[in-house]
Every structure is written in C-alpha cells, then in structure tokens.
Amino acid sequence: MAEAAVLEVIQDLESLHVTCVDSSKRSILKRTINELTETLDFWRDLKMEERSKLECFIAELVKLARDVIDVEFEFYSNSIDRTYENLVIQMKTTKMRMKNIGDEEEEEIVVGLEKDVKKLLEKKILKNSKDFEILCLKGMIGIGKTTLARQLYKAGAGQFERHAWVCVSSDMSNEEVVMRLIQQMVLGYKTRRTFEKLNNKDFLRQNLEGLSCFVVLDNLSKKTDLDYILDCLPSRGCTGSRLLLTSRIDLRSANMLLLTSRFQFRTVDVGYTHEMNALDSDKSWKLFMKTIDKVTCDENRFSKEVERKGKDMLKKCWGLPLAIIDVARQKAAQRLSGIEWETLFESIDLSESLKLLEPMYLQLDDKIKPEFVHLSLFKEDAILRDEKLDQIWAVNGLGFPKLTSVFARRSILGLVKRLFSKKRFRLHPLLHMISIRKAEEEMGLEILSSNGNSRPSPNARHRVIHCGRDKFKPFTNEYSNQLISLIFHGGGSYLDDTTSSYWESFESLKILDMEDFGVKNLPETIGTLAELQYLGLRNNYIQEIPHLLAELKKLEVLDISQNFMVEVPDIILEMNSLRDVHMSNVIFRESLKVATLCKLRTLEYISINDWTYKRPSFGRVMYDFETLGFEEVDENSDVGTLFASLAQFPHFSNLFLRGFRYRSMPCLDKIGAIRKLTVLKLDGRISRLPSADSLPERILYIALVNTCLDEDPMPILEKLIFLSRLKLRNAYTGREMVIQHGGFPRLKVLCINELWNLRKIRVDEDAMSIVTELEINSCPHLKTLPERIQRMSELKKFKMVTTKHIATKIRNAGLTSEISEEDIDP
C-alpha cells in the first residue's frame, strides 16, 4: 500500500514535469521526483518488519509531495520558489530520519549516574504505585539526560506490559509520535488497523486500556503538544504506568512552565522533575578515560604528572559530558596519529563542543535571544543576581517580568540560591562562551586585557576589560565615544591612577560596572557621563561618593552596597531618574527626606536614623517604593511611625530590618499596618514576635536571622495562612519546636539553620501538608526527626547537614527513605 502511494505521486509529478515549460519549476519537480525515487529504492531493500516501522515516514513524504503538486496547480510566482525549497528540505529531513531510524545505537559510556538510576528506579519508576505518573529529567543541553533515560529504560522497561521509546525531534509531528508509539506497543498493529476503523489516538488508547506502560519521550521540545500525546495513553485506571520525559524545559504544572513561541504557558501535570548536574572532577576524568580507551582500543595508563595535566586541561569542560566526550575523542584520534599524551594535554579545543551546544541558542525565541547575548557582559561562572540582570537588560531596552525564571526553566541559567523573592543564578561557562561569540557577532562586544596585548576596536559598542593584579593601565580614549557598556572584571586592580580626562570621552555610555574591582576613589569626572543609567560599584573600597554624581540626571540604578562606611552627599534628590539604590553601612551628610524619594522603587539598606518623614505629605504624593531596607534598628527606634508611613505606599511589599550590633529591636506589634507586605526579613535580636493577628495577613515569605528568640516562633508563624517560604537561622534558642495540627497550611519551603540548642521538632497530623522542600542544617543536638515526615506526601526534597553520628542515625531510622531527593551530609 505504501509503495503504491509513492508510485502514484511520482507518476503525477512526472506528468507535470513533461508539460512544464518553466526551467525553475522543472528543476523543483525533478528534485522532488528524485527524492521519492531514492526513498522507494531504500524502502524496497528493507525487510517487511523494518518497513512496518517506517510507514509513517512514507505517508509524510507522500503528503509533502502532494503539497508540491497543489502549489503548482494553484499559481506560480517568485515567492513560490521559497515554498518549493522548504518542501524539498522537509522531504530530505524526513528521508534522513527514515534512514537513521533503524540504525543500531552506539553503546554508551556511562559514568556518575549509578545513584540516580538506583534512586529513580526504586522511588519512582518501579515503586509499588498503581497511579499513572509523569517524570521529567531536566537539564542543559549536553548534560546527559538521554543517557540517564536510556539506563532507566534498559533496567525498567521489562517490568511493564508495554513499553516504547520515542526520540522527539524538533520537526516531528504529533501524529508521527503517536504512530511510533503504536508501532512499539500495539502487537500486530498493522493487521488490527485494517479492522479497527479508529483514528490513531483512539486506536492507541483503546489497545493500551488496562495495561501497564512505560513510555519515554526523549528530547521533548516546546513545540511538542504533550496534551495531545497524553490523550492517547491510559492515564486513568490502576495500571501503574509511567511516562518519562527528557527536556531542557521545566514542565512542572505548579509553575506553568512550558513556554511557547508566543510567550504563552500551558500546564503539564509532571509529578517529579529530576535536575541533572555537571560531573565533578573525578567523574569527569573517569568519563574521559573510558572514552579514550574505547576509541584507542587500549587500556591507557598515565603517570601522576601526566594525569594532573590531563585533569587541569579537563577543567575547561566544566563537568559537561558532551564536551568531555568530544575532547576525549579528539585526543584519542591525535594519539593514534602518533602524538604523545604529554603534548596532547597541554591545550584543549572546544570549538566542536560549542557547535554541538549552539542549537540551544538557535532554538531560543527571537524575542529573548538579545537577553541571552547580554549575559556575555558578566564574569565566567559568576553568581548572577536576578535584580542586576533585570537592570542591565532594562537599560538596554530589553527584558520582561520574570525572564530570569524563563531562562532557568529552559536550563540556561542554573538556580543557585533563593532569597525570598530574590534569586541567584549561574550560567554554565560553555554557554557563557556561546553568549560571547554571539555578542561579538551581533552587538559589537569586545573583550580587552589590561596587559596591553589587545587594542580597542572602532566597531565596539560594549567593552569588557579583564585586569590582573597589577594596577589598571587605561587604554586610549580612541573609539570610546560610541560605547554603551564598559565593564571591568578582575581582582586587586585599581583605577586610582586614571586621570580625570579618561572619563570625558564616554559620551554614549549607559552602563558602567566596576563591581568587585577594588576601586578606592571615584573621580569627579564620572559625573560628566550624561547618558549613564547604571553605575555598579558594589564590593569595593570606596570611602566617598563625589558630589558631581548629582549631574547624572539619567541614572536609574546606583549600587554602592558592600563599601564599608562610605560617605554619601545629599545628591539623591537631584538625580531625577533614579529608581533603584543599593547600599549598606553608608554615612549620609544629611538625613533623607521621604518627600524627595517618590520615584525610588528600591532603597536598601540605610540607617533608620537617616529616614525622616512628615506624614501629612503622603496623601499628596504618589510613591513607587516596593522594597526598603533599614539598618541600625534598636529599642529606641520609632518603628510604629515607620510602619504607618510605609503603609501609605501603594506598591510597597518588601521590608528588611537589621538590628544595631547587640541591641534588641523594638516590639513590632504595629507592623500589621502594612497590609500589602509580602516579604519580611528580620536580622537581629528581638525579644518576641508580634501575634499572628498583628502580622500582615497576606505575607508570603519570612526570614528570621539572628533573632535569638526565647519562645518557640512556630505557634505564631503557623497561623499565617498564606505563608509559602520560611527561613530560620539562629532564630530560636529553645530546645523544642512544635508545629500543631493544621499548621502552615500553604507552606512549601522550610529552612531551619543554626538552632544550636534544638533537641526536638514535633509535627502534628495535617500540619505542613503541602511542604515540598525541607532543609535542616547545623542543629547539632537534633538527633531525631518527627515521624510526620514519613507521611508528608508532597515532600520532594530533604537536605540535612549534621554530625556523622546523627546522619547515620537519621538514615537508619528510614523516615526519609521515600523522599525523592534525600541529601544527608555527611
């Protein structure tokens, strides 16, 4: 039947070719005929069982060929050339997939996945559960998702009545995926299809009814309609079926994570997502050695010195299996050509690895490619603050809300730490290299070194300068007037020797970032950078901010935090565009007046003594404040008046309070006046917490740090019905903590750190019912866990850092053995 369909369409194409007089059209028709003829020859050489697996490809080729005919019949113009070309390319792609589908997969080298395989098999895939469950292996490109999935499939598929593996390429249609599932899971499907007159979806679902299935959809992309495929599977009933997905995209429904090309989200009910991690140094070396042994067909052995050189070289792969394997194959091939290992380990070529990683960038939506390219401005392997990323993108006219989370969901940024509503990310260094390449091509990035071996380019728009430990030697000001960004990276280097005239030629500069650079003094001439919108001076040795910075009328972000006791003149009022100010331990020459700060969105941290206000003015001024941080709060601070004033800011939601040295902060009973408060951090001693009724009812995040409370805070905090995340660090000095029946109804994350006297945690039934993450660190006297943990069905992650003796005791108790991600250290 398939062969007859191909012959029929070839005949129709040949008839058109004979009557066609246009040479371009005849060429397209001839190429289409040739593609089909070659495919038919390949088809005829296959065995019958092999042909049955490829029927869906034949049907797709015939459809594409019919599209060529339909376009030809309708009309012809120059634009149709592109249509024809696209159709022929699609035919070539389909034919290539068809020819490769039956190839035997090369036996993989597997390193560092043994624990993951064991854990996922025991706790998820083969566990005694009759529910239909969806699991996802998530991680960046090249991290080993397919390798892990294949190990799970080999070990677990035989335990199910039906199983299938489908590699979902980006151009594979939903119908093709379903057809591949039919071919693998419906016995005698070809004969049965002729009798059961159903569409493929209904046919597959009907024939799997009541059977246990294990299905792997590998390399799931944003284009795949997973809902369409789920409709075909026996998702209801007590069959115990499992669907395992591998994807760079986080598919968990809780966060609406499947991003489409139009930036719309649809949800997928993924029960568990396993995050893939890079390999450590030892596992990287083991994978490298296994790969070269396989290629060279030899068991290679090295001296300690050669092995040390090899491991140093391999550090530049940053634990990414794709890069490690690629480099190993290169080195093995060079060794077979006669080059000694000692010489081979002196350098590394990652160009081919980067080509293999580049699809990550090419598959990004066009709207967010520029944001990825701007990641090139940051240091390699740096911890990236989400607020700084948002600010840099905004200055360049880019970004939209929660874009950092989108990159994290795409496995481009890795989440390192979450601090309330703030997050910290890391970009894998090989992806950083891709961002640099693209930035050099697309936005005029140049990277210079202060050692004098590089010169400024006339085409540069963004400049990054890497400095060593020597003092910075300024480049000439040539080509500086068109720069948009000037970023300094390095440690122990100083700009003190730059002349005032150095800064006068940066006429177009919008971003000046000298974070962590060791700057001591700022020249007044920085105030001449009329277009400057972002000034990053965090973590330096600056003692005074020049008054001339008041001339930066377009400055939106000023970050001078972590400069100890820096003196700030009364200039904020004069900086009309200023939106975000980050500082700490500053000395104001004059106290800030609230009435002058109505345009600020973020101001943290300032002394509470530098904040003065007149309450009657609030009704006449619209304030943009969202985040405020206050230092030096002690028992003499008038926090009641402060809270009353903050309550009048319509957008205010984040409050951070730091105590003054060893003094206690005052009573916070009036904090409930800030009704819209969602984030609260208290850092410093406090005698007691306000009652639950006195706290803002819609508060989502609370952190108590160094509060050293005498009374258990849980009876108060557990009553906050919207509380989602709670962090306690050196917050409580008592021995017992009690969470009562029904407590923390919406809490998802609980972190308990450095409670040095804590002996016991009691959790009653129905308490913390939806907690997904629990972390307990540095509580050296906590020797047991509450039995309730064993019945917390939503608990997915448990982490504990304690003594070796207690860690052994906790493991032996078995209360956490069913938790998917259990990490008890040591």
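Biologist: Why does Cys 779 count as buried?
Modeller: Buried means under 20% relative accessible area, exposed means over 50%, and partly exposed lies in between (1.4 Å probe, protein chains only). Cys 779 has 2% relative accessibility, so it is buried. Cys 20 is buried too, with a relative accessible area of 9%.

Biologist: What are we working from?
Modeller: This is a predicted model, in which local features need pLDDT of at least 70 and side-chain atom pairs count only at pLDDT 80 or more, while totals for chains, interfaces and linings use all residues. Residues are numbered from 1 along each chain as its sequence is written, and side-chain values use heavy atoms, with hydrogens and water left out.

Biologist: How many disulfides does the structure hold?
Modeller: The count is 0. A disulfide here is a pair of cysteine sulfur atoms within 2.5 Å.

Biologist: What makes Arg 205 and Asp 202 a salt bridge?
Modeller: A salt bridge needs a side-chain nitrogen of Lys or Arg within 4 Å of a carboxyl oxygen of Asp or Glu. In this pair, the closest N and O atoms are 2.4 Å apart. Arg 205 and Asp 202 are 3 residues apart in helix α10 (200-208), so about one helical turn separates them. Arg 205 is partly exposed at 28% relative accessibility. Asp 202 is partly exposed, also at 28%.

Biologist: Which parts does the salt bridge of Glu 515 and Arg 385 tie together?
Modeller: The closest N and O atoms of this pair are 2.8 Å apart. Glu 515 sits in the loop between β14 (511-513) and β15 (534-536), and Arg 385 in strand β8 (383-385), so the parts it ties together are 130 residues apart in sequence. Both residues are buried. Salt bridges with shared partners join Glu 515 and Arg 385 into one network, with members including Asp 386, Arg 424 and Asp 559.

Biologist: How many salt bridges does the whole structure hold?
Modeller: The search finds 40. One of them joins Lys 796 and Glu 794, at 3.8 Å from N to O.

Biologist: Why are β2 and β7 called edge strands?
Modeller: Strands pair if DSSP finds at least two bridges between them. The open sheet of 5 strands has the order β2-β3-β4-β1-β7, with parallel pairing. β2 (162-167) and β7 (272-275) each pair on one side only. Strands are DSSP runs (E, at least two residues), helices likewise (H or I, at least four), numbered from the N terminus.

Biologist: How many bridges join β2 to β3?
Modeller: There are 6. Trp 165 stands opposite Val 216 in β3.
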